[in-house]
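Hi there,

Here is the structure I promised to pass on. Please open it alongside this note.

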Amino acid sequence: MELLKTEIETIKSRGTSLFLDGKWTQPEGGADLQVVNPHNEEVLLTYKEATPADIEKAVTAARKAFETGPWPKMTPAERGDLLIKMGDELERRLPLLGEAWTGQMGCPIFLSSKASAEVPELFHYYGKMAKEFDFVETRILSNGMEARIAREPAGVVAAVTPWNAPAVLLAYKIAAGLAAGCTIVAKPSPETPVDAWIMAEVAEMVGLPAGVLNILPAGRETGDYLIRHPQIDKVAFTGSTAAGKHIAKTCMDRLARVSLELGGKSAAIVLEDADIGQALQSLVPYSMPITGQVCFSLTRVLVPESRKDEVLDAYTGVIGKLNVGDPFEETTHMGPLSMQRQRDRVEGYIKKGRDEGARLVMGGGRPKNLNSGFYVEPTVFADVDNSMTIAQEEIFGPVVSFIPYKDEDEAVRIANDTTYGLNGAVYAGDKEHGYDVARRIRTGNITVNGLLKSIEAPFGGFKQSGMGREGGPEGLMSYLETKTIYMG
Ligand code: NAD
């Protein structure tokens with residue numbers, strides 16, 4: 001917590017929350033917002049929210065930087081060098097990034113200190129890609145004509161991100177967007193602004209030209225003003241499906257480009273021949289990671305009728321031993337939910353599960369030994385029918401549903417019986433058979449015998465889990481327009 005406290009003192013002494021046109025700028029009025037430690041409900045920081053007037057200034061600065069600043073005149077390789085420098089600086093701040101994640105939203109420090117590494121990795125990865133990517137491809141057509149296919153930046157981007165993995169989700173957008181040559185107005189979640197300010201500090205330090213990256217933490221009303229702005233060419237959004245649908249409709253009015261990383265209700269299918277010991281190695285950490293506040297959590301566990309008790313007992317045996325408590329303790333496996341409204345939401349779903357007849361086999365309440373903080377016990381329901389609310393809606397908390405199936409076709413049907421399609425896992429003794437089952441699941445990401453994820457591969461959703469992909473070359477393409485130039 002020491003590094004975060006020092007950073008908060010720096011933020012306080014700077015006296016402003018906005019990084020705009022390359023300068024720390026005073027907001028135009030704006031409500032008071034708070035950063036709260038979810039473990040003990042202590043207010044860590046009060047700061048001023050960005051207003052629509054601030055958004056106007058930021059969009060104007062980003063537009064100017066895109067049209068006439070030094071940024072469009074730089075080569076992709078020069079832009080890549082700046083990104084790599086940002087990655088180096090962020091790498092030096094890894095312990096701070098970990099503490100910021102833990103202090104603002106309760107991610108256990110064992111995880112935040114490791115997973116924050118993706119932030120500098122993304123800057124290094126897309127920096128290198130900017131240097132190597134074929135932004136202009138020459139194509140000789142069948143009639144001998146030459147066409148040059150140029151990939152050009154999409155323009156001024158609004159990056160809107162949630163609170164659950166604040167630095168990583170922002171880094172995906174900033175690193176890929178800048179590598180493409182876009183300029184960015186970022187609106188991080190009001191509850192977790194610190195990571196975004198760290199990125200602004202780093203941008204300032206490496207000399208990113210003014211207006212290329214603007215950081216304006218604010219709530220959804222200011223966010224709405226941003227995504228409606230006619231000078232925003234593309235919106236890159238991560239958040240709830242409800243907000244994503246609204247943003248998509250708004251963007252379609254002016255045909256602004258939009259990419260959406262939304263919610264999930266992912267299934268883990270345990271096949272008849274699965275090795276349960278091996279399955280638990282990923283099922284335990286990824287069924288309720290960060291207290292279940294991760295879009296790709298495996299929240300529905302599909303088990304064969306013949307093995308349902310064995311799998312449930314093995315799973316609850318391990319989940320029951322998790323240490324729930326202060327996320328800054330190295331030995332803590334699960335921290336609190338990130339805010340009061342999250343706990344209200346999760347408790348509402350637990351009640352619904354009981355009311356609709358699911359069998360509560362573990363948890364369901366608040367931990368007895370913790371008197372403050374937004375804690376909920378790890379909660380497991382068994383004999384869940386897939387039509388129940390807890391199996392259909394994204395809870396975003398530590399609540400897992402065990403759903404029995406009769407045969408493989410039924411398992412596939414249940415896995416696909418959801419409006420979402422973000423992630424999934426198939427546990428199989430025969431890996432190739434696991435692959436065949438994985439191909440039948442309508443989802444953007446799935447792992448055979450585990451849960452893997454890499455910044456080098458595309459991540460995103462089928463169905464109502466989103467549109468477009470982040471990560472890999474696909475993540476860069478999402479910030480590029482394609483122009484064909486025929487050489488007459
Ligand atoms: P949210 O949709 O309420 O808010 C996300 C961000 O959007 C916040 O910055 C918020 O201020 C802003 N926002 C909300 N409405 C807006 C509007 N009308 N116009 C502009 N901005 C608006 O989501 P949340 O509760 O902060 O985050 C949790 C959700 O994010 C979950 O559904 C989770 O699955 C999803 N998520 C998805 C991914 C992914 O990669 N698919 C990753 C992490 C989180």
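Predicted model: local features only at pLDDT ≥ 70, side-chain atom pairs only at ≥ 80, totals over all residues.

Residues are numbered from 1 along each chain as its sequence is written, and side-chain values use heavy atoms, with hydrogens and water left out.

**The sheet**

Helices (H or I, at least four residues) and strands (E, at least two) are DSSP runs, numbered from the N terminus. Strands pair if DSSP finds at least two bridges between them. An open sheet is built from 3 strands in the order β5-β6-β20, with antiparallel pairing. Because β5 (136-140) and β20 (480-487) stand at the edges with a single partner strand each, one side of each has no neighbour in the sheet. Strand β6 (residues 146-153) pairs with β20 over 8 bridges, in the antiparallel sense. If you want a spot to check, Glu-152 has Glu-481 in β20 as its bridge partner.

**The cores**

A nonpolar core here is a set of buried Ala, Val, Leu, Ile, Met, Phe, Trp, Tyr and Cys residues joined through side-chain atoms within 4.5 Å. Buried means under 20% relative accessible area, exposed over 50%, and partly exposed in between (1.4 Å probe, protein chains only). The largest core has 105 residues, and Phe-123, Tyr-315 and Phe-402 touch the most other members. Helix α7 (residues 166-180) gives this core its largest share, 12 residues. At least three residues come from each of domain 1 (2-262 + 465-487) and domain 2 (267-454), with bounds taken from an automatic or database domain assignment.

Contact means heavy atoms within 4.5 Å. A second, separate core of 29 residues includes Leu-337, Phe-381, Ile-395 and Ala-438.

**The rings**

Rings of Phe, Tyr and Trp (its six-membered ring) pair if their centres lie within 6.5 Å; planes under 30 degrees apart count as stacked, over 60 as edge-to-face and the rest as tilted. By this rule there are 8 aromatic pairs. Phe-19 and Trp-24 form a tilted pair, because their ring centres are 5.1 Å apart and their planes stand at 55°. Phe-19 is buried, at 4% relative accessibility.

The rings of Tyr-315 and Phe-402 are also tilted, with centres 5.1 Å apart and planes at 50°. This pair links distant parts of the chain, as Tyr-315 sits in helix α12 (residues 308-319) and Phe-402 in strand β16 (residues 399-405), 87 residues apart. Tyr-315 is buried at 0% relative accessible area, and Phe-402 is buried at 3%. Elsewhere, ring pairs link Tyr-286, Phe-296 and Phe-459 into a cluster.

**Two loop residues**

Asn-37 lies in the loop between β3 (32-36) and β4 (43-48), and is buried at 5% relative accessible area. Not counting residues up to four places away in sequence, Asn-37 touches Met-1, Glu-42, Leu-44 and Gly-103.

Gly-325 lies in the loop between α12 and α13 (340-355) and counts as buried at 5% relative accessibility.

Happy browsing!
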